[in-house]
Each structure stands twice: as structure tokens, then as C-alpha cells.
Amino acid sequence: MATKKFNKKEFIREVKANVKALYRKNLEEATQQQLFQAVSYAVKDEIIENWLATQEQYEKDDPKYVYYMSMEFLMGRALGNNMINLTIYDDVKEALEEIGLDINVIEDQEPDAALGNGGLGRLAACFLDSLATLGYPAYGCGIRYRYGMFKQKIEDGYQVEVPDNWLKDGNPFELRRPEYAKEVKFGGYVRVEYDEKTGRNYYKQEGYQSVRAVPYDFPIVGYNNNIVNTLRIWDAEAISEFQLDSFDKGDYRKAVEQENLARNIVEVLYPNDNHYAGKELRLKQQYFFISASVQEAVAKYKKNHDDIRKFYEKATFQLNDTHPTVAVAELMRILLDEEGLTWDEAWEVTSKTCAYTNHTIMAEALEKWPIELFSRLLPRVYQIIEEINRRFVAQIEAKYPGDFEKVRKMAIIFDGQVKMAHLAIAAGYSVNGVAQLHTEILKHQELKDFYEMMPEKFNNKTNGITQRRFLLHGNPLLASWITDHIGDEWITDLPQLSKLKVYVDDPKAQQEFMNIKYQNKVRLAKYIQEHNGIEVDPRSIFDVQVKRLHEYKRQLLNILHVMYLYNQIKDHPEMDFYPRTFIFGAKAAAGYRRAKLTIKLINSVADVINNDASIKNKLKVVFIEDYRVSNAEWIFAAADVSEQISTASKEASGTGNMKFMLNGAPTLGTMDGANVEIVEEVGKENAFIFGLSADEVINYEQNGGYHPENIFNSDQDIRRVLMQLINGEYAPDDPERFREIYDSLLNTKSSDRADTYFILADFRSYADAQKRVEEAYRDEAGWAKMAMLNTACSGKFTSDRTIQQYVDEIWHLKKETVKVK
Ligand code: GL9
């Protein structure tokens with residue numbers, strides 16, 4: 001299975017030729033960005049043969065494909081990852097050295113492909129990596145946003161959003177495929193025609209506007225196996241080749257409107273995490289990429305098969321959250337209106353093709369479209385959903401006669417809204433959650449009625465991450481140390497890491513392990529110095545919380561605790577305190593006021609503490625600007641403590657938690673999401689667990705009885721910290737600045753229950769857990785052992801395991817092998 005051998009001379013020659021051909025320059029004259037482009041094209045050349053060979057092999061074997069349908073693919077940088085998976089990283093590094101280039105500098109020129117918000121989008125990217133590495137035929141289907149996730153600048157402590165023009169210098173790895181362009185239609189009306197011959201009604205959309213969907217293909221390189229799958233993302237172009245309906249010819253206004261539609265539709269990623277905005281353009285984006293992807297999947301099937309009723313034998317659609325759920329109705333439309341199947345035939349195909357993953361129980365994330373909007377934009381698709389709903393409601397009524405409550409709670413269309421989750425569950429053959437606890441909450445709380453009616457559909461697939469990016473590429477020192485000790489099979493078989501357990505008590509191994517951690521902390525300290533201008537001490541504890549800014553993730557709890565520690569140190573300067581660096585990184589949705597104010601609070605606290613010489617550098621607070629996949633790789637590698645402190649029951653899984661664990665950082669967290677399973681693997685003595693349980697939180701939410709003001713009144717330390725939010729301690733120029741945060745914890749004005757996310761309830765036990773962290777860290781050998789055990793026990797959390805479970809239990813794909821000629 002070995003890959004074709006790397007030819008250094010040839011590679012160098014190609015880099016030089018690329019610089020000439022692309023920029024009419026010699027190596028010495030080229031900018032670093034131009035060199036990055038030239039190197040990338042040379043690496044792409046290495047990929048192309050395998051890409052061709054893979055697609056040829058698939059063509060021959062006619063396998064079943066999974067279509068991973070997702071609004072988001074948070075890919076990060078491609079160059080480093082591609083070199084890693086081609087197993088030519090060290091070769092290229094050497095080749096570049098020979099011509100005086102630094103591979104790190106070259107890699108650093110690449111803009112992140114940030115076509116996603118956070119966990120959900122990054123999960124999709126990890127899944128593609130695992131699918132290719134395990135040899136499963138797969139397409140990622142998504143949108144080629146012109147602007148990805150915004151870049152974050154911090155000005156005067158506030159977040160400022162800057163457009164992410166990631167394509168401006170050209171994108172070396174993508175391939176435009178105009179031959180696969182599709183037409184996607186919006187609006188207009190549906191004309192019904194009765195055909196005497198067949199005795200059927202035929203439905204035709206008329207008076208619509210359309211756009212041309214043009215796919216761009218990205219290679220997804222499997223690790224050391226010659227397999228290259230495809231991420232296919234769609235760009236929108238104005239219709240020109242497609243003729244306007246003949247009676248529309250010369251309709252200038254329509255031509256302009258269609259041009260605008262094409263321009264707007266793929267312009268920008270919605271920067272919301274766990275939140276549904278309900279914008280018309282968002283629904284257009286969804287239908288745009290789904291219609292194009294489903295059309296393409298059907299066309300591909302029909303090239304080699306004539307019985308469309310067996311479509312599901314060769315294709316399965318995994319819907320990444322409800323965002324792509326319109327696929328259900330679009331597949332029905334194509335089967336009914338274009339393939340001429342009966343309703344029952346079409347339904348059988350559709351319900352054996354579609355499967356749905358739920359990623360959150362946050363109520364504000366549920367997609368519900370107003371009927372008016374939905375039917376105006378997608379008139380034929382809406383008709384089909386009405387019919388799906390009519391039949392589904394009939395089923396509910398048959399199962400629960402006279403129970404109108406069930407219909408009210410479960411119908412797909414109700415109260416003037418189309419409920420996308422209900423559509424996905426009714427139509428799909430599988431519904432999965434993303435961690436054990438999350439799936440249990442779905443079954444017994446959020447989706448209880450659906451679980452009771454169709455328990456066989458429900459299953460769990462605990463999330464995972466790819467060790468190729470988050471250890472092999474992101475932490476090369478640790479990766480090679482591990483390989484020296486247990487061989488390199490962990491790269492494709494992560495549970496092998498458990499072989500490290502024999503070293504956890506070995507002083508030499510402990511020292512080497514912690515020395516690598518130290519070097520990674522030095523690397524991060526340099527990054528922080530360069531990008532934030534803050535000096536941090538790599539000998540201090542690096543306590544890290546990086547993830548999207550969201551109230552339920554409770555960055556606020558973290559920073560309030562920092563304020564509390566600062567008070568302690570000021571009051572008791574003689575107190576023994578192990579130096580700590582609290583590191584934050586987080587983007588807030590552009591319209592999420594309270595989240596943005598929390599960023600300002602973190603930076604304000606940082607300003608005061610970092611500039612207070614009297615505390616002798618015992619405490620530092622750093623907010624890393626523009627947290628993203630590329631700097632995340634460095635941050636995980638350098639972390640001592642992993643902050644996973646969401647309100648129990650709210651974080652469906654989390655995946656950052658797994659990346660920290662893999663890199664040897666113990667979890668400081670609540671029993672939420674996949675933290676539960678992390679503790680199960682590593683043992684609770686190797687984590688720092690605190691706070692309310694999910695059951696306790698849910699109980700308070702349902703039955704009341706939580707009174708944060710009692711805690712405020714009875715706990716002096718907490719009261720003092722909260723008062724500092726409104727006495728100008730961290731906002732001397734405007735003491736009212738953080739009033740909103742104070743109010744959110746103690747009610748008064750806000751309409752929600754006070755302290756929605758139980759920050760005061762968990763504060764004391766969090767502070768205690770933090771105290772335990774400090775004590776544990778003082779014991780050097782003990783800490784080294786705990787850190788190593790975290791790495792050694794992280795095998796379960798590879799996305800290779802997750803994907804294998806999807807394959808075995810949902811998709812039923814066959815492994816392919818590809819030989820290179
Ligand atoms: C999320 C959950 O909040 C995470 O807990 C989970 O790990 C990921 C992946 O399953 O999905 N759901 C969700 O809406 N987001 C998640 O991260 N947010 C986005 O990234 C949009």
C-alpha cells in the first residue's frame with residue numbers, strides 16, 4: 001500500500017517552475033505568499049494521481065457513498081495537513097530547506113478555510129479526514145462562501161469583526177468543475193397538469209428565478225493509503241447559458257434580479273453558533289446547496305443504474321443538524337416530478353436515504369421557518385412538506401387516537417411554522433446525538449415524544465477528532481516522542497496510545513513528556529508576545545478556555561473566578577500561590593451583545609491584572625485574538641488545564657475537550673457532553689470535576705427553586721466580585737459598563753430567570769476544583785503522570801472510531817483500497 005516515492009529533486013524543480021509560471025519570478029524575487037502558492041501547487045501535483053486513481057477505483061467498484069451534507073466545513077489550512085497525510089511532510093521540509101525556505105513560514109501564509117463557526121463545522125472536517133483514511137467513499141457537500149468566519153480584531157478590549165477575504169490570493173487546492181453545474185430554482189408558482197395517459201398530476205414550477213450552482217472540488221487526502229475523496233462546495237453564478245423561459249426573454253428586470261440572487265447567495269457564512277436567525281437568505285443558502293447536491297447525487301447514480309427505486313443502495317445522506325433538512329423534500333421532488341415515482345415509492349427511497357444528526361438542545365438553535373416565507377421561496381418543496389406532514393399527522397393520530405397534544409407537539413407544520421427537526425426525524429431512518437449524555441437527554445427530554453413513537457431510529461455517536469491534525473501536525477514534538485516509545489500505529493489506530501501507560505510512573509518519561517509540554521508553552525508564549533504584546537511565563541500553569549463565546553459555555557464563570565483570585569492575592573500577598581496564566585480565545589456572534597460584553601470584561605480584567613506589579617506576575621490573563629483552527633493547533637499543544645465548564649446538559653458533546661486530552665491536558669469541567677466519557681476513560685482522579693449535574697440543572701429548570709440572590713447574600717467573596725462589576729473596578733471610565741452582566745446574574749431587569757446558566761450555583765465548587773488543580777500541579781511527578789494518562793486514555797476520541805460506528809450502524813459502506821500505478 002505504500003505511496004509512490006517522493007522525489008526531492010523533482011519537487012524542487014517543480015516549485016521553481018511554478019513560481020515562474022504563476023508569477024514570472026525567480027525564487028529569490030517571490031514573496032512568501034507566492035512561494036506558498038508554488039509549493040501548494042507542487043503538493044497538489046502529488047495528490048492528483050491518487051485523486052484520479054481513487055475516483056477510477058470507485059467508478060469500477062460502484063460502491064455506496066455517504067453524502068455528508070453540511071452548511072459548514074471548518075477545514076483550517078490544507079497544505080500542512082495534505083503533506084502529513086501524504087506522508088511527505090519531512091521530505092518537503094528538507095527540500096524546502098535546501099532552497100532556503102522555512103516550511104513553518106510557508107505554511108503560515110495560508111489563510112484558514114473557515115467555512116464554519118465552531119464545533120459542528122470542525123466535526124465535519126474531522127469526519128472527512130477519517131472517511132478518507134479509513135477508505136470509505138464519501139462526498140462532503142457544502143457552500144463555497146466567498147467570505148468565511150469573520151476575522152476578529154480586539155480594539156480597546158472590544159471585538160471588531162473584519163471580513164475574511166480568504167480567496168483573495170487564489171486557492172491552490174481547489175478545482176472548478178463547471179461541467180457539473182446545476183440549475184437551482186426559487187420562487188414563482190406551481191402549475192398542476194393532469195395527464196390523461198398516466199392518470200397522474202404533474203407539477204411544474206413557473207415564473208421562478210434561478211441561479212447556476214458551480215461546484216468546486218477539494219481533495220480530501222487519506223493518511224498513507226492513496227485514497228483521495230472529495231469535498232464538493234458550490235459557488236453561485238448568474239444564469240447565462242441556461243435560457244430564460246421563452247416568454248421571459250428580454251426581461252431585463254428579471255435578469256438583474258437573478259444576477260443579484262447569485263451574488264448574494266454564497267456571499268457570507270452566518271456567524272452564529274447554536275443560534276437560529278431565521279433570515280430568508282439563510283434558507284436560500286440551504287436550498288441552493290442541497291438542491292445542487294441532491295441533483296448531482298441522483299445524476300451520478302443514474303449514470304450506472306436504471307432503477308431509481310434502489311437509489312438508497314448506493315447513496316446515503318447524513319444531515320449535519322437540521323440546516324440541510326430540505327434535502328428530504330428535494331429528493332422527494334426529484335423522485336416524484338422528474339423520475340415519475342409514486343408517492344409511496346419516492347417515500348420509501350427518501351426514508352431509506354436520509355439520516356439526521358442532532359447537535360444541540362439549545363432551544364434558540366431550533367430551525368422553524370414561517371410558512372409564508374417557506375412557501376413563497378420554495379413553492380413546490382413546500383407542497384411536498386405539507387403532504388409529508390399530512391401523512392405523518394395521520395400516523396400520530398392512528399397511534400394516539402384523540403390525543404391532540406401529541407399532534408401539537410410533533411407535527412412538522414404547526415402554528416404557522418415549518419419545523420425542520422420534526423421533518424428530519426419523520427423522514428430519516430436514523431436520529432443520533434453526539435455524546436451519550438446528549439443522546440439520553442434527546443430520548444427522555446427534548447425528543448421524548450418522537451423516541452416513544454419510533455425508538456428504533458434513535459442512536460448515539462459520540463463525537464471524535466482527527467489525531468492527524470491535532471497531534472501529528474499540531475504537536476510534532478509529542479508525536480515523535482510517542483512514536484519513539486510505542487511505534488507509529490497510533491496515527492491510524494489511536495487506542496494504541498494506551499501502550500503509553502507503562503511509562504506514566506517512569507521518571508525519565510515523565511520528565512521528557514513535561515519538557516515537551518514546556519517547549520510547546522514557549523512556542524505559544526512567543527505567539528502571544530508577537531500577536532498580543534503580552535509577556536507570559538511558560539513556567540506558570542497555562543489554564544485555557546478556547547471555544548465560541550456563548551453564555552452556556554460560561555466564560556463568565558471563568559473570569560469571575562479570576563477576579564476572585566485577584567482579590568485573594570491582593571488581600572493576602574503572603575499567600576502561597578502557584579503562578580497561573582489564564583488564556584481565553586473566543587469569537588462572539590456579531591449580534592450577540594452580551595457575549596461581546598463578556599469579551600470586553602475579560603480584556604478589562606486582563607488590563608488591570610497584567611499591569612499590577614504588586615502581584616508579581618502570579619496572575620496573567622490573555623485573550624488571544626482571532627481564535628481559529630490554525631492557532632488552535634498550537635494552543636492545545638501548550639495547555640496544562642482544559643476548561644470545559646458549560647452548564648451541565650447544555651454542551652451536546654464538545655470536541656475541544658478531546659483535543660486538550662489528546663495533548664495531555666487534564667479536564668477541569670462539569671459532567672456535561674463528552675466530558676462524562678472523558679472521565680470514564682481517564683478516571684475521575686485524573687480530572688477536576690465540579691458543579692451541578694445535568695439532572696439537577698434540568699430539575700431546577702422544570703420545577704424552579706433556584707435563587708441566586710441567596711448565594712449573593714450569603715457568600716461574601718461572590719458578593720464582592722459581583723459588586724466589582726458595577727463599582728467601576730474594571731471600568732473606571734464607565735462604571736455602568738458591566739451592569740448588564742451583573743443584572744443577568746441577579747435578575748432585576750432581564751426577562752429570563754436570573755442566572756440562566758447557574759454560574760453562582762457552581763461558583764464555589766468551581767473555585768474548589770481550581771484549588772485542587774493548583775495542589776495537583778505542585779506535585780510535579782503526580783502532574784506528569786496525570787497529563788500522560790490523559791494522552792494515553794484518549795484513544796476512544798478519535799474520529800476514526802466515530803466514523804467506523806456511523807459506517808457499521810447507519811451508513812453500511814464498504815472499505816475501498818486504491819493501488820497506485
Ligand atoms: C455543536 C455543539 O454545541 C457541540 O457541543 C458539539 O460538539 C458540536 C459537534 O457535534 O456541535 N452544536 C452546534 O450548533 N454547534 C456546536 O459546536 N455550533 C456550531 O458550531 C454552529
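**Reading exposure, salt bridges and packing**

Me: Does D505 count as buried or exposed?

Reply: In this predicted model, D505 has a relative accessibility of 53%. Exposed means over 50%, so D505 counts as exposed.

Me: Which side chain does D505 meet in a salt bridge?

Reply: A salt bridge needs a side-chain nitrogen of Lys or Arg within 4 Å of a carboxyl oxygen of Asp or Glu. Here the partner of D505 is K785, with 3.2 Å from N to O. The two sit in distant parts of the chain, 280 residues apart: D505 is in the loop between α18 and α19, and K785 is in helix α30. K785 is partly exposed, at 30% relative accessibility.

Me: Is E677 buried or exposed?

Reply: Under 20% relative accessible area means buried. E677 has 1%, so it is buried. The side chain of E677 forms a salt bridge with K796, at 2.9 Å from N to O.

Me: At what angle do the axes of helices α9 and α12 cross?

Reply: They cross at roughly 100 degrees and come within 9 Å. Angles of 65 to 115 degrees count as roughly perpendicular, which means that α9 is roughly perpendicular to α12. Residues in the contact include V326 and L336 of α9, and I384 and I388 of α12.

Me: How many nonpolar, polar and charged residues does that contact have?

Reply: The contact of α9 with α12 has nine nonpolar residues, four charged residues and no polar ones.

Methods: Residues are numbered from 1 along each chain as its sequence is written. This is a predicted model: local features need pLDDT of at least 70, side-chain atom pairs count only at pLDDT 80 or more; totals for chains, interfaces and linings use all residues. Side-chain values use heavy atoms; hydrogens and water are left out. Axes are lines fitted to C-alpha atoms, for helices over the stretch in contact, and angles run from 0 to 180 degrees between N-to-C directions. Helices (H or I, at least four residues) and strands (E, at least two) are DSSP runs, numbered from the N terminus. Angles under 35 degrees count as roughly parallel, over 145 as roughly antiparallel, 65 to 115 as roughly perpendicular and the rest as oblique. Contact means heavy atoms within 4.5 Å. Ala, Val, Leu, Ile, Met, Phe, Trp, Tyr, Cys and Pro count as nonpolar, Asp, Glu, Lys and Arg as charged, and the others, Gly among them, as polar. Buried means under 20% relative accessible area, exposed over 50%, partly exposed in between (1.4 Å probe, protein chains only).
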